Amino acid sequence: MKRSIIKALLAAAVALAAAFPASAQYVQTKKDADGWRLLVDNKPFEVKGVVWSCTPIGETHTFNLWAQSDDYVMRMLDVDMPLLKAMGVNTIRAFSTIPPRWVEYIYTKYGIYTMINDLLGRYGMTVNGKWYAVTDYSDLYTRQALVAQARKTAETYRGTKGVLMYMLGNESNYGLVWSGSEIENLPTGEQNAVRAGYLYSLFEEAMAALKEVDPLRPVGLINGDTQYVDLIAELCPSLDILGVNAYRGYRFYDSFYQGIADTLDRPVVLTEAGADAYNALTRQEDQYMQATYLKSQWEELYSQGYGKGKSANMLGGYVFEWVDEWWKQYQNKELDVHNVLGSWSNAGYELDYRIGVNNMNEEWFGIVAQSALKENGIAKRMPRAAYYLMKDIWQVSLYDSTQADVDAAFANLDFALALQRGTEPGIKEMINERDAIRISGISVTAGALAGLDKDSLDGLDAAGRSVKEGINFLPYSEADIGIAAAPAENLSAEAHFRVWSNPAPTKMAEIYPIYNQDKTTGEIAYNASLYSAAFRFDDPSFSLNGYYHAEHAAFETSGDVFNINHEAFDIIGYDTYGSLAPIAVEFIGKGLLSGLQVIGGPEIYGSAEPQIAANWWKSFPSRSVPMPSFNLGLTFAEEFGTRSDLAENPHNSYGPGRKASLYGEASLYPFVTLKTGILYAGDEKVGAPYRLSDGTWAAVQDLDTLGGSVELGTNILSKAYVYGKFIHRGLVTDTNPAVVRGSFFTGDSGSGNRQEVEFGADINYGFLNFKPVARSRMPLVKPADRALTDSHEGFGSPFIVFANRQAIEFEGVLTYDPEGATWFHEWNGDDIEGAKFAASLTGLYTLYAGETDRMAFKMADGTWTSFASGLPEQRDLWQVGTRIVTNPFPSFRAILTAEAGHQGSAGMDTRIVDYWQAGAKLRYRTWMLDGAWVADKWLEPAWVRGFNTTWPAQWNLDVSYGFDTPLFAKATNRVGVKWQGWKFGEYSSDPWNIYGGSPDPDGREYSELSMYVNVTY
């Protein structure tokens, strides 16, 4: 009997040895009379950890270190890990995306263990081919997928040296927000408790699966504070360690630790605890405050450790976090700005807490700051006082110390030395940022450009002369200098000045009016200008922002569905037409005024009349099942000034106007969404006469100033949201066109005089998303050869039929994106999309488009005129385009685009154009290539399509070398060579006088070769 038992044990040992290489450590938790300890290969292990963050400045949450080249990964690790080791860190917390080989590298070279954190659906997941932003832990298929995911995590790391433990989720108890009929019918107070039961029973299944695959390491879950600890004790027998994220300020008090010990007989690790280093009251970095909180938190933690006679259930903790993350405030904008706006309010952090002040600054939690300067491609690390203080704290043993040892050690901490050591590198590195006035940035571009006329070069070659005689490079240079000022702690301002020797001497684009160049002589009157400026004033109850040619957002996401206010981001477009927009001052309410925005100025967006625009947006949560949650938005705009002369601005020939809208949206029980809005467009045009298609006249009535929309949708289908939408716009209810997003070709025109019916869907299957739209549009009053410039008693026509022409069209966008963390169609998607392969395909088909009136356009001398005729009926127009982003191997990225179409003029010409184009952007390490070929298409300026002038060929090829990893969205810090050109044909023009107006350019070919360098800081 004994012999058979011994044989069985030996067989089990052999099987275990085969399954787990000798490099994999045996980690366990153990309790004795003095409390709990963690053991690694039977040796006590005190958790002295850091939540390791490494997102570089300029990147967002989608940054994936492990998708970078091995060289870059190693450089990052070899910067951070020596600092962590010197601090006394013996373990880091990392997500389960870290490759096992890098876990082993960190352990083998630096002796630092890794806690593997599988988020287990915390921020959404794909189930049966459909992506769910909110995970439903009660769904059978979701549970099966998550258990399989946990099993896969264990299979990935079970033989990996340096894995300390597995932890699941991340404050998942704060994500109990999925809906279901069996839950919604319960009283509000019971709903989350039922959801929590599903959550923790799922955690139990996942932990059991982990242990089955890898029994050599402990497993646990990461909870938000101590909520539902009783359910964890009841439902999670496989739990080895409870991880807790807690932000309670100075201390958690004995009740926190003892409450867990009394309910759950398991050890505890603080998986997140810490403090930010920015004081919301003094509005400056405060290393003393951060260090004070950490000292207090860890002194308390030590007192609850092994052998101290209290709860004795603490194994240690992970300080949140390693370095500041500059993306957290806005996620996808101001990524290179260290924002100081608080994200939420927490009274536990009393040193900078006041009622109504958001004192938790998400971008300042690092115990190490990042510098904008780099060494070997990695931002310089500047340890704060908290770093040095924790280094001293961790000299004390958690397990082998008495309470008297702990008291003495913390009483003798040298706070002054830690502050001195933490403050000194920051002062040295960023002294300019502490100055009241400083240079905030400098961008210098220099280059040389040569125009190449093929006929001239061929003539030289035919005559036996060197072609080089016809290549004459002309130099150009310009610089942008930013000056920032902070005259008061809550007031900041920045101005950018542009200086130049010459603008780029191109003949293939219009010289921006900012250069003040005489278009006849080419002379420049001056060589400097104030290009843009902005200021910001922060008060506890409001913020005040000022804009001069500086970007600002609209009210698009806060209920302005009719686009009364427009965003102001197209600064280059404003440059082209000489506008200094936006020129405005903006008020943003806080506290009781939260949700209120007011902006006013002479031109708050491009081409806007002087006006004040206000918006109020409020969310009302559900109080009971019969009363759903809903959002409400109010938008109002009032214009000022006198009416314009018809020839100067036909859009304002009736004088200043007024617009207002009311919008609401609600999710109705059980699966219905309602979105509806009403629009009032002002009475300035009431009584205005207009010509009908039969030649008779009518006048604008009060009802013609009203509009509205209603959308009814449902997500009752398992993989789709389906909706129908009706739009009614009175004759004169024109607003701004919507910004086209999501890779669509078209968007709402903002035009009045129409009724429109639209049906669409948002269909998800796995990594595929399909958004089809079908729309039918009919003008209320048909075209009658009107134009805005037609004079009738000094006024133009009150409306025209153009973008609101009769139409039946179908459009759709198909997207494949296996990386759920990024939106494929984000404005900087070329830079942030991290999938190995992602792509989109967009198609637009116009079955029928009716006749139009005559479009007006602005002449070069600033006056307005209109085309001689409108557009005729058109049928069977189409357009298709694709974009592919691929990252096939580290350090290489490619963006491929293509488009083809059968389209026509946007002005008056009847000719239909068949065109195509293809482009590629390639980046390998710091090398970049950007090229495109366009056949039989219009130029990019929108007005060119109005005249329907096309070019048989357009091309560009740009090869550059970046001083750092270059961005596709910004042409900075690189040196390169660019070649671009046009071939002229029968329908081409010479818009910027390449040939001085003659001879006829048909058949000619012109290109430009330029060499350039840009340095930006």
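**Notes on a helix pair and a tyrosine**

1. The crossing of α9 and α10 is right-handed, that is, the near helix is turned clockwise from the far one by less than a right angle. The contact (heavy atoms within 4.5 Å) involves Gln-287, Gln-290, Ala-291, Leu-294, Lys-295, Trp-298 and Tyr-302 on α9, and Ala-385, Ala-386, Leu-389, Met-390 and Ile-393 on α10. By class, these residues are nine nonpolar, two polar and one charged (Ala, Val, Leu, Ile, Met, Phe, Trp, Tyr, Cys and Pro count as nonpolar; Asp, Glu, Lys and Arg as charged; the others, Gly among them, as polar).

2. The model is predicted, with local features needing pLDDT of at least 70 and side-chain atom pairs pLDDT 80 or more, while totals for chains, interfaces and linings use all residues. Residues are numbered from 1 along each chain as its sequence is written, and side-chain values use heavy atoms, without hydrogens and water.

3. Helix α9 covers residues 287-303 and helix α10 residues 385-393; their axes come within 8 Å and cross at roughly 25°. The two helices are therefore roughly parallel (angles under 35 degrees).

4. Tyr-278 sits in strand β13, residues 278-279. Its relative accessibility is 7%, so Tyr-278 counts as buried (under 20% relative accessible area, 1.4 Å probe, protein chains only).

5. Beyond neighbours within four places in sequence, Tyr-278 contacts Arg-283, Gln-284, Glu-285, Asp-286, Met-289, Val-340, Asp-352, Asn-361 and Trp-364. A polar atom of the Tyr-278 side chain lies 3.0 Å from the backbone oxygen of Arg-283.

6. Tyr-278 and Gln-954 are 676 residues apart along the chain, and their C-alpha atoms are separated by 52 Å.

Definitions and conventions: Axes fitted to C-alpha atoms, helices over the stretch in contact; angles between N-to-C directions. Helix = DSSP H or I, 4+ residues; strand = E, 2+ residues; numbered from the N terminus. Parallel < 35°, antiparallel > 145°, perpendicular 65-115°, else oblique. Buried < 20%, exposed > 50% of the residue type's maximum accessible area, 1.4 Å probe, protein only. Polar contact = N/O pair within 3.5 Å; in protein donor to acceptor, adjacent residues only side chain to side chain.
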